[in-house]
Amino acid sequence: MSPIPRRSLLKAAAVAGAAAQFSWALGAKDAQAAPRAEAADADPVTLDWLEDGGLGAAPGSTVGVPWPKGAYRPDQTFALTDADGKAVPVQSWPIAYWPDGSLKWSAHAVSSGSGKLTLAAGDAAAPDKKVTVDRSGGTIDVSTGVITAKIGKNGSTIIKSVTRGATEIARNGRLVLIRQPEIEDEDQGTVRTERFDGAIGEVTVEQDGPVRAVVRVDGKHRKGDRSWLPFSIRLYFYAGADSFRMVHTITYDGTQEPGKASGDFIRGLGVRFGVPMRDESYDRHIRIGGEGTGLLREAVKGITGLRRDPGAAVQAAQYAGQKLPDPSTWDQRVTTRLQYIPEWGDYTLAQLSADGFTLRKRTRKGYGWIGAGGGKRASGFGYVGGVGGGFSFGLRDFWEKHPAQLDIRDAHTDEAEVTLWLWSPEAQPMDLRFYHDGMGQDTYAKQLEGLNITYEDYEPKFGTPYGIARTSELLFWANESTPSAEDLAQQVEAVRVLPQLAAPPRQLIKAKVFGPGLYSEPDRSTPAKAKIEDHLDFLFTYYKDQVEQRRWYGFWDYGDFMHSYDTVRHQWRYDVGGYAWDNSELSPDIWLWMAYIRSGRADIFRFAEALTRHTGEVDVYHLGDWAGLGTRHGVQHFADSAKQQRIANTTYRRYYYFLTADERVGDLMHANVDSDETFLVLDPQRKVRTDPYTPDRHALSIGFGTDWSGLVSAWLTEWERKGPKWEKAKARVLSTMEGIAAQPNGFVQGSGLYDLDTGRFAVSSTPVVSVSHLSAVFGLNELCAELIDLVDMPKFDEAYFDYCRYFNATKAEQKARYGSDFGTLLLFQGHSRLDAYAAVRTGDEALAKRAWTKFYSSDGYTEASPWKTEQLSGPVTLVPGSEAAWVSSNDTALYGLAAIENLALLGNKMPS
């Protein structure tokens, strides 16, 4: 970004009339979408499950599949078959289009299947039991053909009932919030709490079958006159399923001020259902998941382990969850004393850390709790019911996103109550207050001094959680009877690892999505290639292991990792300003997704999935003046005062959305379409500008690197998806590309003045050289590779190739081309991928050679790096483990992306 004098650019905009008319109008010669492709090869695609086991007990799975440009019309229908050629019901719909109107990505929902499936053009088979949606009454009724859910249209009951056949399995599904208005830091004071219930504001049917139905419920939590903590719930139903999935999002809009004990502290956050109990208490069963597929398996009234034996067959039947014979057939020494056996109505499993859970039970409220066991990491699964039907429930990432809790209450009565606590009420209140008092940093000058010591960009009132969000996933089953141990184990596994269909890497490469030519399947055919592949594997494995060793878990933290390492303390710098949480710095999101799409590895997918769920929700604001901006890396995910486009970058979400058609991530991407408006509210360069600048709607200073790449990724995605604002988005993609290309120095110009109403950059009459090492490392190369493939705009192509060509050039070469050099730069290894891309696009052999030179012999990781870990134990570290003190997340992201892209682009030109 460049501190270009605003006055000079306004003057330039006025006097450079010819340049400014560089074809702003859509459809002008240099602003055309790329020509329609000839009919492309559209072979069938083999889809497979990420993990073994297929769909298992999950309700269904949805997968995104890309197609080459011109392969299919947007209304193409698809058929799915299994390994035996048998038709598998599938529901398909378009989720992205090429500029020529042909189908780019399609989504496909299935509710059955265990092995590989083949997707091809054709007519879809209809499911035997279709999903149907009835909107006509006071509720929205969704039937899978096995279960029916009645969804409320207003009030506080989200799901009024879940029935299986004529049997009501669950009722009164609602959201629960416990607010604690004051937090005590010591052992004095009285804890008061108040309960809020989720109140429905709007209900939308987004899909209505035949294989998949989706219902969205939006609202806020309410008590009396106060409504706060907005929620967005999506309910997913699949044909023939006895279960459904809930995706639950909350956005924090409360008040918590540093140094103050009063505020909106969340003490508990949950989803609650009532479960009718009809069977005799000895035929009512409790199942609570422990470690792995382990279960607590008990009855409300247990008849095992008694002083008198009712009979081995009776005991075995109760343990198996089967209906017991009539008590008159038991040993009468038990039958006549049944009333003296306690009924255990209440159970609680609390997971307050990643390393331990406790389980307890009691007969009923008002009586003492009895310890029922414990362990390390619970699955987050439970069941309550009986031989006449019961309700299974599970919270995904249960221990990873601690503190979590499962409650069963009143199982001895006519209606049990189940609560899945996303934030356990037994934990400390959710404390989101900023972590220090500012230390006197009340001016920009002092804040810059603070930046120079802790790398934290502090500013009063900027370290606020107002507007951050978090999404959780839950599963529910309506069982006709207590499931067998084997069936329960399958349900547990679905909660722990939600089955996911996937398209193979070769299909993504063939379709030329996510930057054509930027990735290829792993290739170990030469020692040099094999060594780079080994390094890539080492880095991923190290980060995966560090998440576990360093316990990077918790409701707000899970999915992210740390930025930099403290070699003295043998610890990541979790408490040192801008060196703590990474918050997408230098695009680790893209590194991980690139690593997945080239390999198809399930472990990489799951790691990247958790990162995307985190960075898109927690590191970005969704409400308030800063909605659409993200927060720079810091001790808390919202702590730093740098609220910028680069962290909210839609590029980081595109991969997960298009691979899974996930609606919540789609919401996040669409929300960014108008985020250019945030530049009116907050100037990202406010602390370092030397010239007067006041944000002006018609002359906003926007950088061509980190700013524009974030904006244009949102516009491109809206255009591709044909979202509600796609025409506006398309216009902004094309007009801003033209504006950058028209600048005297193209991308090297650094920034321009942008008009919010026209979506155009003013064209400067004065060449400026302003290049930052950060400009291209937040997805610019990956995005430009897509844009250049999609849009026929030669002048833009040249502007970008020039930037690629000269960033890693010598200062003499830079000066010869632009009249001055680029100053002091870094991150040359990461920029070697720009050399590689431009080399391939322009056929420049010297540039190809330089790409490998900069990759191997500049900064970042080299072949001389240790490429190993050292073991830690004893008094030097908190827990035994390993460290690679030479690793930093910046270098990892840049090395990973450069390695993947250079291998794909120039793997045949590696130095010997």
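Reader: Let's begin with a loop residue. Is F398 buried or exposed?
Author: Keep in mind that this is a predicted model. F398 is found in the loop between β25 (389-395) and β26 (404-409). Its relative accessible area is 0%, and buried means under 20%, so F398 is buried.

Reader: Which residues is F398 in contact with, leaving aside its neighbours within four places in sequence?
Author: There's quite a list to go through. With those neighbours set aside, F398 is in contact with L349, Q351, A378, S379, G380, A404, Q405, L406 and R496.

Reader: How far apart in space are F398 and G554, C-alpha to C-alpha?
Author: Along the sequence, 156 residues separate F398 and G554. In space, C-alpha to C-alpha, the distance between F398 and G554 is 9.5 Å.

Reader: Now the cysteines. How many disulfides does a search of the whole structure find?
Author: Take C784: the closest cysteine sulfur to its own is in C804, 7.4 Å away. A disulfide needs sulfur atoms within 2.5 Å, so C784 and C804 are too far from each other for a bond. Searching the whole structure gives a disulfide count of 0.

Reader: And is C804 buried or exposed?
Author: C784, with 0% relative accessibility, counts as buried. For C804 the relative accessibility is 1%, and the cut-off is under 20%, so C804 also counts as buried.

Reader: On to helices. How are α15 and α16 oriented to each other?
Author: Helix α15 covers residues 706-721 and helix α16 covers residues 726-742. Their axes come within 7 Å and cross at roughly 140°. Over 145 degrees would count as roughly antiparallel, so α15 and α16 are oblique to each other.

Reader: What is the handedness of that crossing, and how many residues of the contact are nonpolar?
Author: The crossing of α15 and α16 is left-handed. On the α15 side, W708, V712, W715, L716, E718 and W719 make the contact, and on the α16 side the residues include W726, A729, K730 and R732. Sorted by type, the residues of the contact of α15 with α16 come to 1 polar, 3 charged and 11 nonpolar.

Reader: Where is M669, and which residue is 7.9 Å from M669, C-alpha to C-alpha?
Author: M669 is in helix α13 (residues 663-671), and with 2% relative accessibility M669 counts as buried. Beyond four places in sequence, its contacts include T650, R653, Y657, A714, T717 and R721.

Reader: What residues of α22 meet α8?
Author: The axes of α8 and α22 (residues 889-906) come within 11 Å and cross at roughly 145°, and the crossing is left-handed. From α8 come K529, I532, E533, H535, L536, L539 and Y543. The residues of this contact divide into 8 nonpolar, 4 polar and 2 charged. Those α8 residues meet, in α22, S889, T892, Y895, G896, A899, I900 and L903.

How values were computed
Residues are numbered from 1 along each chain as its sequence is written. This is a predicted model: local features need pLDDT of at least 70, side-chain atom pairs count only at pLDDT 80 or more; totals for chains, interfaces and linings use all residues. Side-chain values use heavy atoms; hydrogens and water are left out. Buried means under 20% relative accessible area, exposed over 50%, partly exposed in between (1.4 Å probe, protein chains only). Axes are lines fitted to C-alpha atoms, for helices over the stretch in contact, and angles run from 0 to 180 degrees between N-to-C directions. Helices (H or I, at least four residues) and strands (E, at least two) are DSSP runs, numbered from the N terminus. Angles under 35 degrees count as roughly parallel, over 145 as roughly antiparallel, 65 to 115 as roughly perpendicular and the rest as oblique. A crossing is left-handed if the near helix is turned anticlockwise from the far one by less than a right angle, and right-handed if clockwise. Contact means heavy atoms within 4.5 Å. Ala, Val, Leu, Ile, Met, Phe, Trp, Tyr, Cys and Pro count as nonpolar, Asp, Glu, Lys and Arg as charged, and the others, Gly among them, as polar.
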